[in-house]
Amino acid sequence: MNIPRQFYGMNYLSRIFDNFQDGETMECPKLAYNVIEDVTAKPLPLESTSALSLNAGRISSFFQEVATDRLCALDGLAVCRGEHLVFAKYRPPYSAETPHITNSTCKTLVAIAVMFAISEHRLLEEDTVLSFFPEYETLLTPKNVKQMTVFHLLTMTSCSKCNEIASVTEKDWVKAFLLTDCQYEPGSRFIYNSMNTYMLAAILTKVTGMSLTEYLKERFFVPLGINHVKWELCPKGIERGGWGLHISLEGMLKIGLFLANDGAYGDRQLIHPSFIRKMKETNITQEADSLSTGYGYQLWHLPHGLYMLSGMYGQHVVIDEKHKLIVATNAHNDKLFPDSALVSKIITFMTDESLYRPAKTLQEKVAYMCLMQQADAFEQGLSLMQYSNKIPFSAYRFVQKKQHAAHTARLLELLNTFEEKKLHVDQATFKLFPYMLQGMYQCPPFHVTDISFWLSEQKLKLCFHKEKMKKDSSGIQEKIIMEAGLNEYFHQKIKIGEEEKIIAVKSYSAVDEDGHDVVFIEIVFPDSGFSRIIKLFLLEERIGIECMEYPDMRGIIEQVLYGETVLAGTKIDLTDKLPQSIRVFLEHKVEPRLNGYFR
């Protein structure tokens, strides 16, 4: 089976079978960050839809559509027109205080930093990559590597064979990149590869004598008033470039504003407009079967003159310069690239001319009030499935809170079944953490054999016991203790290997299609957007256990192997489909179905 181009550059996918092994071979190196916490924040001023000549009713219907569509899996939504904010809201457990990772949206910010450096005569687009790192050039350096330029990195046309696998297997990523040959001659093919952007970050560190974050601080973050920024570092202390930036939705909007205004923000022109305009030019044209129509300097072009910063699982900033409208999203769907239900809905929304025709004055004011109440409901974690602007918000919230109280009472009743008991997994184990976490952050597997339960102060306390290792002479089981809120998230820290991670845990209940009561334990890693859900089915004489994770690892693997993910406008239809045996293997590993009993 030939590996499609989508497979290149996805470290967690390239290590699929490593991730699904049951050994303890993985490590969890402690992450290091460059952080900005001392910038004076400058919030975008809130403005009503009537003042911005927008239709609140149309925004409200769009909000409800994307917030309730499981394919979108929305975690946060922000909208602004010009430098005025309509709203920026997160659903629990996400918030502006703990910024969501933006994945590949930060590639565009690296390109902005490159344009600053070019404007300051620190480098040129035609400079060869090796000219910045002559220490890695030898007599055996391949011809294609010698030809590779900054331009090729910016446009994803380096054709390097070195992809994100190096971020897991290598300590010196620059060396790995430059000692690896190219698949094709640089400039001849578009192959999306995050290591291209990492190399840009490494070049900027070399030519400026400072970190990428530090370089951008006075030039970009300070004038835009963006604070609470952190960027993950490689083992050599260089920003990862193509991923690893944590920034708020409002910060994402401001990056879009900077681009839409050709490098201006507020009353300041921060860089000559020509450099940003060059970034936005189409260098790679894509075919019509893709939502993306082209690619510039680390920017995706979309139909109707829109363009986008895009990160996997739904981290997007979509820009409409014509109407000066910008939409930013955080999500946890299973889409790797721009082609997704979420992006399609955003395009439809932003290009709907009715959006730019406000209702009559009184009607618009009422619709705007309903929109703000809807946004608040989303932020409070209330369901928008039942929301309608025809229902007074006070009545809607009353019904929601009444339902919440009833669900909590029912949950407490069910949890009495588990109180002070220890559930043992029968003849098997399951993994506590998402496979995505293992693939991207080398998180070691934690094989659970037993779970202990206690109720305390309106929280469910859980102790997950790890499978005893055969070579463990101490006889002490490793364990992880966490607390789950009842129908709401409870934030806490746990230690995984050498890394301390923030998690948000919630317990809730439901009834399955066969009428069995089900208790859910949802463990969310807000920094990364990954989550693991453990479902406990209360059967007559046993407990059924089923695990799920979001984004869905199985769905992503199938997209890649089946060629359903569109990249560079090309759909690849593999003749050899994924064997049924591998399908069953993946399903059993990612979503195991097990039995348990109380000891």
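These notebook entries record what I looked up in the predicted structure.

**Entry 1. Ground rules**

I note that the model is predicted, that local features need pLDDT of at least 70, that side-chain atom pairs count only at pLDDT 80 or more, and that totals for chains, interfaces and linings use all residues. Residues are numbered from 1 along each chain as its sequence is written, and side-chain values use heavy atoms, with hydrogens and water left out.

**Entry 2. The whole protein**

I began with the secondary structure, which comes to 18 helices and 24 strands. Helices (H or I, at least four residues) and strands (E, at least two) are DSSP runs, numbered from the N terminus. Of the 599 residues, 59% are buried. Buried means under 20% relative accessible area, exposed over 50%, and partly exposed in between, with a 1.4 Å probe and protein chains only. I found an accessible surface of about 24,800 Å², 50% of it belonging to carbon and sulfur atoms. Such areas come from the Shrake-Rupley method with a 1.4 Å probe; for residues, only the protein chains shown count as cover. I then looked at contacts (heavy atoms within 4.5 Å). Among those between residues at least 6 apart in sequence, 65% join residues at least 24 apart.

I traced an open sheet of 8 strands in the order β3-β2-β13-β12-β11-β10-β9-β8, with antiparallel pairing. Its edge strands, β3 (84-90) and β8 (284-285), each pair on one side only. Two strands pair if DSSP finds at least two bridges between them. Within this sheet, β10 (residues 300-301) and β11 (residues 307-311) are joined by 2 bridges, and H301 stands opposite Y307.

A second open sheet has 3 strands, antiparallel, in the order β1-β4-β5. Here the edges are β1 (33-36) and β5 (245-246), each pairing on one side only. β4 (residues 229-232) is joined to β5 over 2 bridges, and the bridge partner of W231 in β5 is L245.

**Entry 3. Strand β18 and its partners**

I asked which way β17 and β18 run where they pair. β17 (residues 459-466) and β18 (residues 479-486) run antiparallel and are joined by 7 bridges; L462 stands opposite M482. With β20 (residues 499-511), β18 pairs in the parallel sense over 2 bridges, and there G485 stands opposite K506.

**Entry 4. Helix α13**

I checked how far helix α13 (residues 341-350) is covered, and 7 of its 10 residues are buried. These are L342, V343, K345, I346, I347, F349 and M350. The cover includes α3 (56-68), β2 (74-81), β11, β12 (315-320) and β13 (325-331).

**Entry 5. Salt bridges**

I took a salt bridge as a side-chain nitrogen of Lys or Arg within 4 Å of a carboxyl oxygen of Asp or Glu. The count comes to 23 by this rule. One of them joins R91 and D75, with the closest N and O atoms 3.0 Å apart. R91 lies in the loop between β3 and α4 (106-119) and D75 in strand β2, 16 residues apart; both are buried.

E546 and K535 form another, at 3.6 Å between the closest N and O atoms. E546 is in β23 (residues 543-550) and K535 in β22, so the pair ties together parts 11 residues apart in sequence. E546 counts as buried at 12% relative accessibility, and K535 is buried at 14%.

E232 and R240 meet at 3.9 Å, N to O. E232 is buried, with a relative accessible area of 1%, and R240 counts as buried at 10%. I also noted a network of salt bridges linking D262, R277, K280 and E321.

**Entry 6. R532**

Is R532 buried or exposed? R532 is buried, with a relative accessible area of 0%, and its place is in strand β22 (residues 530-538). A polar atom of the R532 side chain lies 3.2 Å from the backbone oxygen of K431.

**Entry 7. A428**

I located A428 in the loop between β14 (422-425) and β15 (430-431). A428 is partly exposed, at 26% relative accessible area. Leaving aside neighbours within four places in sequence, A428 is in contact with V448 and L594. The C-alpha atoms of A428 and N595 are separated by 8.6 Å, although these residues are 167 apart along the chain.

Definitions and conventions:
A polar contact is a pair of N or O atoms within 3.5 Å; within protein, one must be able to donate a hydrogen and the other to accept it, and residues adjacent in sequence count only if both atoms are side-chain atoms.
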